[in-house]
Amino acid sequence: MVRLFTIFMLSALSMMTAFSAMADEGHGPSVGAKGMAGALGVFSFKPDDWKQGEMTYWSDTDGVNPGAAGCHVGTDKDGNPNGRMFGEACLSDTLLVESNPGVDVVHAHSDDVGHPDKFDCDVWCKGQGSAKGICVAAPAPPCAASAKCSCE
């Protein structure tokens with residue numbers, strides 16, 4: 001009986017943690033991803049060199065395009081690069097972090113927190129007419145590393 005109770009409590013705690021993480025995301029796709037196959041919505045993202053409390057500006061090299069690896073380039077308000085950057089990434093074999101909004105659109109991140117889209121590459125690729133899709137690492141200069149959906 002104690003073992004059954006322990007299993008139940010661990011399962012409940014796991015479910016609460018998962019729902020809490022989803023609640024943090026809790027937003028639909030960005031304007032650029034809305035209506036695209038595989039678009040799962042945006043989530044909060046802090047870069048490795050997060051600047052707490054600062055309004056920062058960024059530009060994206062590929063817009064919302066899961067089939068192309070992109071780089072999110074830090075800029076000043078006028079779009080001049082400042083040396084900061086991060087690429088897109090795979091969260092799993094099929095989940096892609098896809099930066100937004102559009103190609104070369106300078107946009108603000110309040111508190112230096114962005115809201116990239118999450119895409120299911122398998123669903124996105126099937127929406128493109130392919131049999132399946134996966135998330136793969138891919139180059140996206142000037143970023144050292146990035147990722148994209150690869151369709152088969």
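**A tour by disulfide and strand**

Select Cys 149 to begin: its relative accessibility is 4%, so Cys 149 counts as buried (buried is under 20% relative accessible area, exposed over 50%, partly exposed in between, with a 1.4 Å probe and protein chains only). The model is predicted, so local features need pLDDT of at least 70 and side-chain atom pairs count only at pLDDT 80 or more, while totals for chains, interfaces and linings use all residues. Residues are numbered from 1 along each chain as its sequence is written, and side-chain values use heavy atoms, with hydrogens and water left out.

**First stop: Cys 121 and Cys 149**

Because Cys 121 is in helix H2 (residues 121-127) and Cys 149 in strand E10, the pair ties together parts that are 28 residues apart in sequence. Helices (H or I, at least four residues) and strands (E, at least two) are DSSP runs, numbered from the N terminus. Cys 121 has 0% relative accessibility, so it counts as buried.

**Second stop: Cys 125 and Cys 151**

Now select Cys 125 and Cys 151, which form a disulfide with the sulfur atoms 2.0 Å apart. This pair also links distant parts of the chain, with Cys 125 in helix H2 and Cys 151 in strand E10, 26 residues apart. The S-S torsion of Cys 125 and Cys 151 is about -80°, so the disulfide is left-handed. Colour the two ends by accessibility: Cys 125 is buried at 0% relative accessible area, whereas Cys 151 is partly exposed at 32%.

Next, show the disulfide that joins Cys 71 to Cys 143, with an S to S distance of 2.0 Å. Strand E3 (residues 71-75) holds Cys 71 and strand E10 (residues 143-151) holds Cys 143, so the pair ties together parts that are 72 residues apart in sequence. About the S-S bond of Cys 71 and Cys 143 the torsion is about 70°, so this disulfide is right-handed. Both Cys 71 and Cys 143 are buried.

Select every bonded cysteine: a search of the whole structure finds four disulfides. Numbered in sequence order, the bonded cysteines pair 1-6, 2-5, 3-7, 4-8.

Inspect strand E6 (residues 95-98) against strand E8 (residues 117-120): they run antiparallel, joined by four bridges. For one of the positions, select Glu 98, whose bridge partner in E8 is Asp 117.

**Last stop: the whole protein**

Zoom out to the cartoon, which has two helices and ten strands. From the N terminus on, the elements run α-β-β-β-β-β-β-β-β-α-β-β. Of the protein's 152 residues, 36% count as buried. Among contacts (heavy atoms within 4.5 Å) with a separation of 6 or more, residues 24 or more positions apart account for 63%. Switch to the surface view: the protein exposes about 8600 Å², and carbon and sulfur atoms supply 60% of it. Accessible areas come from the Shrake-Rupley method with a 1.4 Å probe; for residues, only the protein chains shown count as cover.

Key:
A disulfide is a pair of cysteine sulfur atoms within 2.5 Å. Two strands pair if DSSP finds at least two bridges between them.
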